[in-house]
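Hi,

Here is the structure I promised to pass on. Have a look, and my notes on its salt bridges follow below.

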Amino acid sequence: MNKINILWADDEIDLLKPHILFLKEKGYDVKTAISGDDAIAMIKAEPFDVVFLDENMPGLSGIETLSRIKNYRDDLPVIMITKSEEEKIMEDAIGSKISDYLIKPVNPNQILLSLKKTLENKRLVSEKTTSNYQQEFRQIGMSLSENLNAESWKEVYKKLVFWELELEKSDDESMSDMLTMQKQEANASFSKFIDTNYIAWLHGKNNPPLQSQTILKSKLNPLLDRKENIFLVVIDNLRFDQWKIIQPKIAELFKVEDESLYYSILPTTTQFARNAMFAGLMPSEIEKLHPELWRNEEDEGSKNQFEPELMSAQLKRWGKDIKHSYHKILNLHEGKKLADNFNNLMQNKLNIIVYNFVDMLSHARTEMEVIRELADDEAAYRSLTDSWFEHSPLHDIIKQIAAKKGLLVITTDHGSIRVTEPSKVVGDKNTSTNLRYKQGKSLSYEKRDVLEVRNPDDAFLPRINVSTTYIFAKQDKFFAYPNNYNHYVQYYRNTIQHGGISLEEMLIPFVTLSAK
């Protein structure tokens, strides 16, 4: 292992010789500076791993030196050493991103402990994370062999997402590979579970969980009796792991009252799942009760253009005669315009904001090479979502909701999954184009790869013609036609898709937050 290079800056460095000798005996390489200017010059001249910095030096003070060090090398850990415990000094130092601080007189063991904490923290955290997941791996594996119900599947998925995010901070690729395999095993079991229970749920059997068509009545309706203005923010195609990534930024402004997962209906697409959510009805029920508000696959125009009308009809069925608004944000300009006119929203009891960025990101990742490179793996895809949110008009809108003490509800219509395995399908020219589900007649497919619905009425889905069949891809499969098969597979493999059956697509967040 390479020696750790330490720079110790103190105007009374001669008094610290015993400490410096102690560190050298422990295998550290220590160089010294007697002023802030000397320290900065040395940092620019050679690579150091950590700096001990005296807070009270003549000339350039410790705080000023710290600021200049961070401007030059933000990643360089600095341990501040001070004679004073004055709160203002500590606030300045911590605000300038020190890694640790010690109060004089310091003893050798304090110095050694601070070094280990600062330099080995990542390794120690990584080792602890790896050890903890190894224990959890066995427990999750055992639970997958049990007869899980709808609620216990939610808990399994929450654990898998938790460990995915934790192991992302670790350097142990073998553990990440183990988790990937465990997620694949979980999705295989989950697909069988959905195959067995999904149709029964829709008919009120097998203890149905909250789904797209029941979520707002169960979760949003009771909130309308509260005094706060309510903001329902639907971020299209937001997976649970993406929610957990943006949550810390929202937690600065809001506290979580309730964080739930609910089940998207099939197909896990905007046309079906989001219409069902806003209508409080299944797709075939919308078509029957509101034929003017439903568009089938072959119809022209947007398939989600009537969401405001569907939501108004649902509110009316609840007996809620309230003033409400609906805004769909499809681009940056529309987002900024809504943020600029936010005060107008305070006239409404309920404001619904549909934000389309994440869905556009997933599609752009398929179609644009630069986005593919930026979101090369799941961690990068989450990071891109996080970066977008931080700089988005939606973040500005959420800040304004917090300032006005509004009640914030964040949810989505479905999630998405990275597809890796092709499954051959054959259909006529009228077959739907989605890679994760197909709707058509005379479909030919690999039965083991799909949930098939030969009678659309069973799944409350529109029947386009007398022989319409729906098939939904399981796990991380995607449908590919035999014509030009290899090109098709190469183009779509490892893209992010939705419409089928997976934990990532079907188990999605519904979060209620109150302003701090």
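A quick definition before the details: a salt bridge here is a side-chain nitrogen of Lys or Arg within 4 Å of a carboxyl oxygen of Asp or Glu. Keep in mind that this is a predicted model, where local features need pLDDT of at least 70, side-chain atom pairs count only at pLDDT 80 or more, and totals for chains, interfaces and linings use all residues. Residues are numbered from 1 along each chain as its sequence is written, and side-chain values use heavy atoms, leaving out hydrogens and water.

By that rule there are 32 salt bridges. One of them pairs D449 with R448, with the closest N and O atoms 3.9 Å apart. D449 is buried at 7% relative accessibility, while R448 is exposed at 65% (buried is under 20% relative accessible area, exposed over 50%, partly exposed in between, with a 1.4 Å probe and protein chains only).

There's also a network: shared partners join E164, E168, K183, R239, D241, E378, R382, R418 and E504 through salt bridges.

K31 and E46 meet at 2.9 Å, N to O. K31 is partly exposed at 33%, as is E46 at 26%.

Cheers
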